[in-house]
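Subject: Structure handover

Hello,

Here is the structure I promised to pass on. Please open it first, then read my notes below.

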Amino acid sequence: VLNWFRLNGQAVATPSAAAPAAVITTYPEFLAETLRIYDELNRDYNLGDLVPIYRIRRAMGDRLSRSQFTEWLLEMQANDLVQLMGGQVPNVTQDQREDSITIPGNELRFYVRRL
């Protein structure tokens with residue numbers, strides 16, 4: 001096959017690196033991306049409408065600050081778009097806890113449920 005490519009003068013195409021995702025700068029952008037990621041994770045991993053917050057945060061990566069993510073997710077809850085839920089979380093790791101949300105009173109919110 002390599003000889004055939006050499007004889008025909010064709011280069012083998014290599015996949016290019018994917019362009020980095022755009023930074024999220026507004027609440028409407030955050031809202032749309034959060035709901036898209038929620039639906040994707042819920043569908044792909046059969047999460048029963050309880051998507052871990054840490055998975056959404058990690059899917060967004062460095063596209064916004066940690067504090068902005070927390071603020072806007074709490075705003076989504078205040079606008080009755082999602083419910084942030086706690087409860088017993090077996091086998092939670094420290095990094096999963098850190099990537100979730102702790103509200104005043106040291107209550108961990110680990111899951112998002114879309115309303």
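Asp44 counts as partly exposed, at 49% relative accessibility. Here buried means under 20% relative accessible area, exposed means over 50%, and partly exposed lies in between (1.4 Å probe, protein chains only). Arg43 counts as exposed, at 57% relative accessibility. The two form a salt bridge, with the closest N and O atoms 3.2 Å apart. A salt bridge is a side-chain nitrogen of Lys or Arg within 4 Å of a carboxyl oxygen of Asp or Glu.

Before going on, a word on the source. This is a predicted model: local features need pLDDT of at least 70, side-chain atom pairs count only at pLDDT 80 or more, and totals for chains, interfaces and linings use all residues. Residues are numbered from 1 along each chain as its sequence is written, and side-chain values use heavy atoms, leaving out hydrogens and water.

**Salt bridges**

How many salt bridges does a search of the whole structure find? It finds nine. In one of them, Arg58 pairs with Asp95, the closest N and O atoms being 2.8 Å apart. Arg58 lies in helix α3 and Asp95 in helix α5 (residues 94-98), so the pair ties together parts that are 37 residues apart in sequence. Helices (H or I, at least four residues) and strands (E, at least two) are DSSP runs, numbered from the N terminus. Arg58 is partly exposed at 37%. Asp95 is partly exposed too, at 38%. Elsewhere, salt bridges that share partners join Glu33, Arg36, Glu40 and Arg63 into one network. Within it, Glu33 bridges to Arg36, with the closest N and O atoms 2.7 Å apart. Both lie in helix α2, three residues apart, about one turn of the helix. Glu33 is buried, at 14%, whereas Arg36 is partly exposed, at 42%.

**Helix α4**

Helix α4 covers residues 66-78, 13 residues in total. From first C-alpha to last it reaches 18 Å, close to the 18 Å expected at 1.5 Å a residue. That expected span is 1.5 Å times one less than the number of residues. Which residues of α4 are buried? They are Phe69, Trp72, Leu73 and Met76. They cover an arc of only 105° around the axis, which puts them on the same side of α4. The arc is that of the directions from the helix axis to the C-beta atoms. On the other side, Ser67 and Ala78 are exposed. Just after α4, Asp80 takes a positive phi of about 55°.

Best wishes
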